[in-house]
Amino acid sequence: ESVQWPKNNDDSWPENETLDAETWTKIVLEFKTGIEQAENMTKNIESLEDLPAWPKVPLFVALIHLLQHNSFHVGEIIATRQALGLWPPPDYKQTF
């Protein structure tokens with residue numbers, strides 16, 4: 001399956017919009033489903049075959065890219081919440 005990659009950041013960034021609870025829930029579900037799919041792909045992590053949607057990129061490289069990308073954005077979310085005084089969460093329990 002071929003993926004139509006955006007030509008620039010404007011094409012990949014959502015318009016300014018207000019999300020209702022239903023839309024947000026759908027987005028979160030899509031994200032979690034994608035993470036589960038990536039986790040399932042790790043069963044073939046040793047494969048050096050290119051991904052059909054990402055020519056010249058073997059699976060392990062794509063998964064590393066996914067991990068780096070998501071880690072970056074999780075860090076942004078945490079930093080924003082810290083700046084707003086909303087981190088750590090109220091139910092946070094330090095584990096170390």
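Which residues make the nonpolar surface patch of about 420 Å²? I looked this up first. The model is a predicted one. I found I45, L48, F60, V61 and I64 making the patch.

**Entry: I45.** I placed I45 in the loop between α2 (21-41) and β1 (50-51). Its relative accessible area is 33%, so I call I45 partly exposed. I45 also turns up among the contacts of L59.

**Entry: helix α3.** I checked the length next. α3 holds 25 residues and spans 36 Å from its first C-alpha to its last. That is close to the 36 Å expected at 1.5 Å a residue. Just after α3, I noted G85 with a positive phi of about 75 degrees.

**Entry: the buried side.** Which residues of α3 are buried? I listed L59, A62, L63 and N70. The buried residues of α3 pack against α2, β1 and β2 (54-58). An α-helix has 3.6 residues a turn, so residues three or four places apart point the same way.

**Entry: the core.** I then looked up the largest nonpolar core. It has six residues: A38, L51, V57, L59, A62 and L63. α3 gives the most to this core, with three residues. For L59, I left aside neighbours within four places in sequence and found contacts with M41, N44, I45, S47, E49 and L51.

**Entry: N70.** Is N70 buried or exposed? I read a relative accessible area of 17% for N70, which is under the 20% cut-off, so N70 counts as buried. N70 lies in helix α3 (residues 59-83). Not counting residues up to four places away in sequence, N70 touches F31 and I35.

Terms used
Residues are numbered from 1 along each chain as its sequence is written. This is a predicted model: local features need pLDDT of at least 70, side-chain atom pairs count only at pLDDT 80 or more; totals for chains, interfaces and linings use all residues. Side-chain values use heavy atoms; hydrogens and water are left out. Patches are made of residues with over 30% relative accessible area and no salt bridge: like charges are joined within 9 Å, nonpolar side chains (Val, Leu, Ile, Met, Phe, Trp, Tyr) within 5 Å. Accessible areas come from the Shrake-Rupley method with a 1.4 Å probe; for residues, only the protein chains shown count as cover. A salt bridge is a side-chain nitrogen of Lys or Arg within 4 Å of a carboxyl oxygen of Asp or Glu. Helices (H or I, at least four residues) and strands (E, at least two) are DSSP runs, numbered from the N terminus. Buried means under 20% relative accessible area, exposed over 50%, partly exposed in between (1.4 Å probe, protein chains only). Contact means heavy atoms within 4.5 Å. A nonpolar core is a set of buried Ala, Val, Leu, Ile, Met, Phe, Trp, Tyr and Cys residues joined through side-chain atoms within 4.5 Å. The expected span of a helix is 1.5 Å times one less than its number of residues.
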